[in-house]
Structures are given as C-alpha cells and as structure tokens.
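User: I'd like to go through this model with you and ask where the labels come from. Can we start with the helix packing and then do the aromatic rings?

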Amino acid sequence: MLLKSLTSKQLIHTDQMFSSKEEVVRYLVDQLYKEGKLHSADEFYQAVMERESLSPTGLEGGLAIPHGKSSAVKEAAFAVATLRKPIADWESVDENNRVELVMLLAIPDNEAGSTHLSLLSELMTRMADPAYKQRLMAAQTSEQFYYALDYEEEEETAAPQADKLILAVTACPAGIAHTYMAAEALVRAGKELNAEVKVEKQGANGIEDRHLKKDIRRAEAVIFAADVAVKDPGRFAELPKVTTSVAAPLKNAKGIVGEAIQKAKKPSEQDVEDYPEEDEPEEKSFKAEIKDSIMTGISYIIPVIVAGGMTLAFAVLVAQAFGLQEVYDQEGSWLWLFRQLGGNMLGTLMIPILSAYMAYSIGDKPALGPGFAAGIAANLIGSGFLGGMLGGFLAGYIIKFLKKHVQTSGTFSGFVSFWLYPVAGTLSVGAIMLFVIGEPLAFLNNGLISWLEGLSGGNAILLGVILGAMVSFDLGGPVNKAAYTFCIGAMASGNIMPYAAFASVKMVSAFGVTGATIIGKKYFTKPEQEVGKQTWLLGLAGITEGAIPFMINDPLRVIPSLIAGSAVTGGIVAYFGIGLNVPGAGIFSLALLEGQPLFLAASVWFGAALLGAFISMILLIITRKHKLKKQKTKLETEEEKQWKTA
C-alpha cells in the first residue's frame with residue numbers, strides 16, 4: 001500500500017504547537033474538511049472523540065493514531081501533525097508515551113472493515129522500524145514528510161538470498177497494533193542474521209499471509225509470538241519452536257530469531273520427534289496455561305450467555321408485564337417454550353461449553369469431548385460454573401498427560417488421537433467429577449441449607465446479609481442454588497422475607513457490572529464493555545449469569561466486590577421486613593411485595609438493589625485499577641531486567 005495515495009502535502013503539518021489532544025484532533029479534522037475529504041467537520045470530530053472514549057489511540061514511542069469511521073467522510077484519507085512540544089497526557093497503551101507524531105485516519109462507514117484495518121496494519125508495520133519513524137520525525141517540511149512516507153517501498157532493492165527459512169506467527173488480543181509491529185520486527189531481525197523470516201499475522205482481519213505447505217516443509221524452525229492461542233498450531237508439529245509474547249520481538253527480535261536459528265542448527269529429539277500431530281507448540285508455564293484456558297473458555301461462553309440470557313429475560317418480562325404468569329408456567333405454551341430455550345442455553349449449554357473450550361486450550365482437539373463431558377457432569381452434580389472450570393482443567397490436563405505418555409505413529413496415530421484420547425479422557429474426568437467431587441458438593445449444599453434454617457427468626461438481618469453474599473458468590477452455582485432452595489422452602493413454610501431479599505440481590509451483580517464498565521470503562525477491555533452494556537437488562541429479569549465472564553476472569557477481586565454490595569442489599573430488605581410470596585425475580589416483582597405499604601416496599605426493595613450495585617461498582621473499579629497498576633509495575637520491572645541483561 002502506498003500511503004501517499006491516502007494523503008497529500010496539504011494534509012501534513014510539521015513542527016506544530018498544541019496544548020491538548022482535543023486541539024490536535026480539531027485542527028486535523030478542519031484540515032481534512034478544508035481539503036474536501038469530509039461532508040461535515042463537526043460530525044466527524046464527534047466520531048473521532050467517541051472512538052477516543054473507547055480505548056487509547058496513543059501507542060508508544062511518541063506515536064498516536066486517532067481515527068474515526070463515519071458517514072461524514074467522503075473518501076478515506078489521513079492527516080498528519082508533528083509536534084514541537086510533546087503531549088504527555090494523551091491516553092496511550094504505554095502510559096509513559098509522550099505524543100509527538102499524530103496521524104488522524106478518516107474512514108467512510110462502508111470501508112470500516114477493509115480500508116480501516118489495512119491502513120492501520122500498514123502503519124503499524126512501518127512504524128515498527130525505528131529508522132522509518134526517525135526519517136518521518138526528521139522531516140522539516142510537509143514535502144519532506146510526504147516523500148518519506150513511501151521511501152522504502154519505492155527505493156527497495158532485492159535482498160541477498162538468505163541461508164535459512166524461519167516461519168513466525170504473531171497474534172495479540174486486539175489483532176492490530178502489536179500483531180503487525182512484531183511481524184515487522186522479526187522480518188528485519190532475520191535480514192540482519194541472514195535468515196528469511198516469513199510471518200503469518202493472526203489479527204483483526206483473520207489469518208493474513210497464511211503459511212503455505214511448501215514453506216512449512218522447507219522451514220527449519222517456527223516462532224510463536226502471541227498473547228492468544230495460535231490458530232491451527234498442528235501445521236508446525238514437525239518444526240522446532242520458540243514461543244514468546246507478542247511484545248517480545250519489539251525489544252529483542254534479533255535474540256528471538258537467533259534462538260530459532262540455533263534450534264534449527266541442532267534439532268534435538270525433543271524439538272522435532274516428540275511432537276504428535278495435535279501437540280502443543282512448546283510448553284507454557286503453568287500460570288500462563290491456566291490463564292489462556294480461562295480466557296478461551298470465556299470467549300466461547302459470552303455469546304451463549306448473552307443470547308440465552310436475553311431470551312429468558314424476554315420471557316420473564318413479558319410474563320410479568322402483561323400478567324401472563326399462567327402462560328409462562330403452562331408446559332408447551334409459546335412463552336414456556338421461550339423460557340425453556342433461554343433457560344437451557346444458560347442452564348444446560350453454558351457450563352459444558354465453558355469446560356470444553358477450557359480443556360481445548362490445554363489439550364487441543366482431543367480434549368473437546370472430555371471437556372463437554374466434564375461440563376455435563378458439573379450440571380448433573382449441581383456444581384455450577386466453578387465445577388465446570390474445575391472439570392475443564394481436569395479434562396485438559398488428563399488429555400495432555402495421555403498425549404505425553406501414550407503415543408504411537410503410523411497406522412495407529414489417528415486411532416490414538418481421535419478415539420483413545422477422547423474416550424479415555426471422558427471416562428476419567430467423568431468418574432472424577434461424578435464420584436469424587438459429587439458427594440462432597442452435595443454434603444456442602446445440605447450443610448448450607450441446614451445452617452441457613454438456623455439463622456431465621458430473630459437473626460433476620462444477618463440472614464439477609466448471608467443470603468445476599470451467597471447469591472453473588474458463584475452466580476448460579478451450588479452456593480447460589482442452596483440459597484434459592486432455602487428461600488423456596490421458607491416461602492412454603494410461610495416465611496416470605498428470604499425470597500424478597502433473594503430477588504432484590506439478584507439484580508445487584510448485573511447492575512454493578514454495567515455501572516463499572518460505563519463509569520470506569522477505561523479500566524475494562526472492549527469485550528468486557530460490550531457484555532457490560534447488556535447485563536443490566538438481564539438484571540431486570542433477575543438473571544445473574546451476565547456477570548460470570550467478569551468473575552471467571554478475575555475471581556479474587558470480582559467475587560468480594562459483588563458479595564459486598566449484595567450483602568448490604570440483603571440486609572436492608574430483611575431489616576424492613578419486606579416479603580415476596582411468588583417465585584420469580586425481576587423488576588415486575590415490585591407490584592407483589594408485602595410487609596410494608598406498597599410504595600415504601602417497592603422503593604426500599606429496588607433502592608436496596610441500586611445501593612448494593614453502586615457499592616459493587618465502586619469496588620469493581622477500584623480493584624481493577626489496582627490490578628492494572630500492579631501489572632504495569634511488574635511489566636516495568638521485567639523490562640528493566642531485560643534491558644540490564646541485554
């Protein structure tokens with residue numbers, strides 16, 4: 001791609017003085033409008049600032065690439081400004097970034113998935129070369145900058161024939177910036193070491209520059225520079241491998257390529273011969289493997305949670321809003337079928353999918369069957385998502401153990417991979433889940449119910465606090481189910497307070513997550529923000545499962561945050577003696593509350609849920625902020641060590 005085709009000398013402004021990000025963006029937007037690239041400057045400026053609110057567009061090394069996709073853009077273009085005085089407070093991936101080069105991208109709506117990603121990836125690739133960026137920054141005039149944009153592409157000469165072919169795969173969670181910057185760094189390091197490096201980018205555009213079979217056969221080693229699971233790693237089973245993070249090539253690409261060359265020179269049995277067809281690229285640390293497993297499971301259950309939760313919410317809200325409770329409860333009715341559809345997606349599908357893809361992340365395709373079996377077993381024993389996670393780990397590591405110790409080749413290799421591993425893994429994990437975990441979990445549930453029964457009566461406030469904590473402890477798991485069972489039993493015995501507290505608390509986690517991802521959105525990832533936008537609707541229907549992805553991803557911080565707010569809510573409802581004698585949860589339970597005048601009961605009941613959600617929201621934001629600060633400190637320490645040893 002020739003960058004000059006998307007800009008002009010009139011859109012490039014060097015050595016400018018600005019005091020803020022907004023001032024830079026406004027200036028460049030006006031230049032684009034002046035050159036006839038926009039229908040409306042104000043509308044496009046708004047689109048750019050809305051994008052700025054989602055995640056940082058400042059990167060590292062003094063670079064920022066704000067961008068907007070809007071119908072106000074006539075044709076794709078970008079404007080540039082180099083700054084005489086760097087802007088230090090531009091929100092950036094690297095918090096120490098001081099922005100001195102700004103490239104504003106204007107993309108029409110109908111080119112959002114093509115030109116947008118192509119231009120971003122091209123810029124990231126070129127900016128990975130320090131010499132290229134230095135040449136741009138050294139430009140004194142717009143003309144010099146303009147001609148420097150495509151200097152290499154126009155002046156490039158044929159490189160000498162390399163001695164070795166090294167393959168690489170780069171992938172980062174966002175699939176844009178670091179994916180391409182790491183790829184470019186590896187290619188340049190290969191040239192310095194007289195090795196040809198071909199890189200497959202697994203990014204936002206899918207798989208780009210996919211490695212051909214002939215290259216895989218000819219290659220002498222492969223590098224995996226990725227922070228997410230590499231797609232189809234079995235293609236490289238016969239190659240020595242170097243595994244690292246996607247950011248590592250930006251700091252030490254030459255060392256990584258050198259390690260790959262070294263392995264290629266002296267391939268050991270471990271490097272080449274011990275890899276069965278479906279094996280992992282290279283051993284990860286236990287901590288990294290656990291993290292990757294959890295993240296993979298979350299990515300696959302989010303669509304199920306959203307679709308199932310919204311379907312169930314639809315059925316609940318329609319039934320309560322239009323007085324169709326009898327239709328809702330009548331087996332075979334249209335509303336009952338919607339209820340079953342949404343309920344089964346959450347209650348039947350969600351846990352097996354979580355377990356299966358957690359196992360898949362650890363043990364690859366042979367672990368899918370045992371992973372699904374572990375999830376089904378978790379449902380059978382009522383262990384909820386916590387049991388499903390444990391089952392996913394068990395299934396993955398059982399298959400990993402079998403792949404390491406039960407290997408064959410030739411005719412029987414397919415039989416072992418696609419029959420022995422799944423069947424043996426399913427029987428093993430099924431036996432552990434059903435006969436080892438099942439009894440202790442049942443004992444725990446029965447013990448919890450008996451304990452709660454002893455807290456009723458005079459200890460009503462304490463009971464409300466404990467019920468609130470239990471509801472949000474595992475969001476539909478055994479502890480939550482124990483609380484539900486107790487509340488239903490208490491209702492049958494004439495004590496209607498526990499269920500009112502239970503129903504109010506069921507809104508807390510969903511509201512808290514939505515509030516946290518809106519108020520503190522800069523601390524949460526884009527997928528978390530998207531899920532957070534919808535959990536409040538699930539909360540209105542009394543569905544807690546929308547918060548599960550957050551809990552799984554960071555249980556040590558999220559669980560206490562949700563418990564704190566939920567305990568307050570339960571205690572308030574119990575203190576006012578509010579009751580509910582109809583099973584079901586959701587906002588329309590307001591009209592059925594008892595124990596106080598209806599307006600007071602409804603205000604306290606719903607107000608308690610909002611107060612609890614506010615407490616949980618504040619704690620979620622504080623703990624996430626602390627986590628990110630801790631990660632930053634750790635990263636800076638590691639980088640300092642790397643620079644000292646480099």
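Analyst: Axes here are lines fitted to C-alpha atoms, for helices over the stretch in contact, with angles running from 0 to 180 degrees between N-to-C directions. Helices (H or I, at least four residues) and strands (E, at least two) are DSSP runs, numbered from the N terminus. One caution: this is a predicted model, where local features need pLDDT of at least 70 and side-chain atom pairs count only at pLDDT 80 or more, while totals for chains, interfaces and linings use all residues. Residues are numbered from 1 along each chain as its sequence is written, and side-chain values use heavy atoms, leaving out hydrogens and water.

User: How do you know how α19 and α23 are placed relative to each other?

Analyst: The axes of α19 (residues 497–505) and α23 (residues 555–575) come within 9 Å and cross at roughly 145 degrees.

User: Which residues of α19 and α23 meet?

Analyst: Contact means heavy atoms within 4.5 Å. On the α19 side you have M497, A500, A501, S504 and V505, and they meet S566, T569, G570, V573 and A574 of α23. By class, that contact has six nonpolar, four polar and no charged residues. Ala, Val, Leu, Ile, Met, Phe, Trp, Tyr, Cys and Pro count as nonpolar, Asp, Glu, Lys and Arg as charged, and the others, Gly among them, as polar.

User: Now the rings. What makes W334 and F338 an edge-to-face pair?

Analyst: Rings of Phe, Tyr and Trp (its six-membered ring) pair if their centres lie within 6.5 Å; planes under 30 degrees apart are stacked, over 60 edge-to-face, and the rest tilted. The structure holds eleven such aromatic pairs. For W334 and F338 the centres are 6.4 Å apart and the planes sit at 90 degrees, so the pair is edge-to-face. They're four residues apart in α13 (residues 334–363), about one helical turn.

User: Why is W334 called partly exposed?

Analyst: Buried means under 20% relative accessible area, exposed over 50%, and partly exposed in between (1.4 Å probe, protein chains only). W334 has 45%, so partly exposed it is. F338, at 34%, also counts as partly exposed.

User: Why is the pair of Y499 and F502 called tilted?

Analyst: Their ring centres are 5.5 Å apart and the planes are at 40 degrees, so the pair is tilted. Y499 and F502 are three residues apart in α19, again about one helical turn.

User: Are Y499 and F502 buried or exposed?

Analyst: Both Y499 and F502 are buried.
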